[in-house]
Amino acid sequence: MGYLNNQIGYPNDILASRAIIKKDNYAIIPPNGVVCNIIPGFTDCNVTILSTPKLGASFVDYLVTLNNEGGNLVGFGGGKIECIVYVIDGEITSYSDKEEHALTQGGYLYCPAGVTLRFKNNNKGQASKLFLYKRVYEPTAGHKAHVVCGNTNKLPKIDYEGMHNVHLQDLLPKDLGFDMNIHILTFQPGASHGYIETHYQEHGALILTGQGMYNLDNDWVPVKEGDYIFMASYALQAGYAVGDKEFSYIYSKDCNRDIEL
């Protein structure tokens with residue numbers, strides 16, 4: 001998979017990039033060009049920070065490679081922060097506070113505000129690759145989020161807006177206790193959105209398989225496995241699959257809350 005494969009050393013060609021950064025609008029971040037960060041709590045990990053408030057997002061997305069016995073056992077999230085970890089590849093042991101969860105490819109663990117997430121590699125000496133998300137939780141009276149653990153390989157694939165060649169998987173319950181959700185959207189070859197969307201919700205999306213063309217604020221941009229897309233509030237957005245493979249991506253979406261004035 002094309003994640004965190006930035007070249008080290010002398011260039012093989014002229015310096016060029018497919019990256020597009022339009023703060024508070026949209027961004028395309030390909031894997032070639034990302035850098036690793038040293039973050040307290042993460043040991044023996046390659047951590048790339050993707051969307052942040054500096055880009056215009058209300059959340060933070062990360063790509064994390066756990067080397068050997070790498071992980072974060074100090075704790076991630078907790079307090080006012082909700083977070084979720086998704087296993088792109090490999091196997092990890094994760095914890096919601098003291099409760100242990102074994103996660104393999106496609107596995108995920110959501111920890112609501114007040115619950116601390118911890119994890120470590122458990123992939124028999126091989127690296128594991130993770131998608132990690134955090135956000136300040138927006139509480140609402142009478143409702144509360146809870147720990148959710150599952151695997152996307154066991155989730156139903158729902159026809160997206162009545163289209164039989166586009167499927168949606170919801171990782172979290174559709175419950176007012178949750179102020180966001182993580183989805184996987186999968187397009188069969190040649191499939192597309194039914195229309196170009198315009199909405200106030202924002203997304204961070206990591207392409208898991210295939211390739212496509214994506215409309216971002218009416219710019220058509222080619223994207224492929226390993227690319228990351230940030231879509232700010234009201235950025236026009238839609239895509240279609242190209243080639244002979246499924247085009248799928250995992251993405252976050254804020255939901256279930258009114259607008260504060």
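Analyst: A residue is called buried if its relative accessible area is under 20%, exposed if over 50%, and partly exposed in between. The model under discussion is predicted.

User: Are Phe42 and Phe76 buried or exposed?

Analyst: Phe42 is located in the loop between β2 (26-29) and β3 (43-49), whereas Phe76 belongs to strand β4 (residues 59-77). The two residues are 34 residues apart, and their pair links distant parts of the chain. As to accessibility, Phe42 and Phe76 are both buried.

User: Which strands are the edge strands of the open sheet of 8 strands?

Analyst: The order of the open sheet is β1-β2-β18-β15-β20-β14-β13-β12, with antiparallel pairing. Neighbouring strands in this sheet are turned by 25 degrees against each other on average, direction ignored. An edge strand pairs on one side only, and the strands concerned are β1 (20-22) and β12 (158-160).

User: What is the bridge partner of Asp159 in β13?

Analyst: Strands β12 and β13 pair in the antiparallel sense over 3 bridges. They form a hairpin with 2 residues between them, and Glu161 in the turn has a positive phi of about 50 degrees. In β13, the partner of Asp159 is His167.

User: How many residues of strand β13 are buried?

Analyst: Strand β13 (residues 163-170) is joined to β14 by 5 bridges, and the two run antiparallel. Across this pairing, Val166 stands opposite Phe187 in β14. Strand β13 is mostly covered, and of its 8 residues the buried ones number 6.

User: Which residue in β20 is the bridge partner of Ile182?

Analyst: Strand β14 (residues 180-187) and strand β20 (residues 247-254) run antiparallel and are joined by 8 bridges. Within β20, the partner of Ile182 is Ser252.

User: Is Tyr240 buried, partly exposed or exposed?

Analyst: Tyr240 lies in strand β19 (residues 237-242). Together with Ile196 and Trp220, Tyr240 forms a nonpolar patch on the surface, with about 280 Å² of accessible area in all. Because its relative accessibility is 31%, Tyr240 counts as partly exposed.

Methods
Residues numbered from 1 in each chain as written. Predicted model: local features only at pLDDT ≥ 70, side-chain atom pairs only at ≥ 80, totals over all residues. Heavy atoms only, no water. Pairing = 2+ DSSP bridges. Helix = DSSP H or I, 4+ residues; strand = E, 2+ residues; numbered from the N terminus. Axes fitted to C-alpha atoms, helices over the stretch in contact; angles between N-to-C directions. Patch = residues over 30% accessible without salt bridge, like charges linked within 9 Å, V, L, I, M, F, W, Y side chains within 5 Å. Areas by Shrake-Rupley, 256 points an atom, 1.4 Å probe, with all protein chains shown as cover. Salt bridge = Lys/Arg side-chain N within 4 Å of Asp/Glu carboxyl O. Buried < 20%, exposed > 50% of the residue type's maximum accessible area, 1.4 Å probe, protein only.
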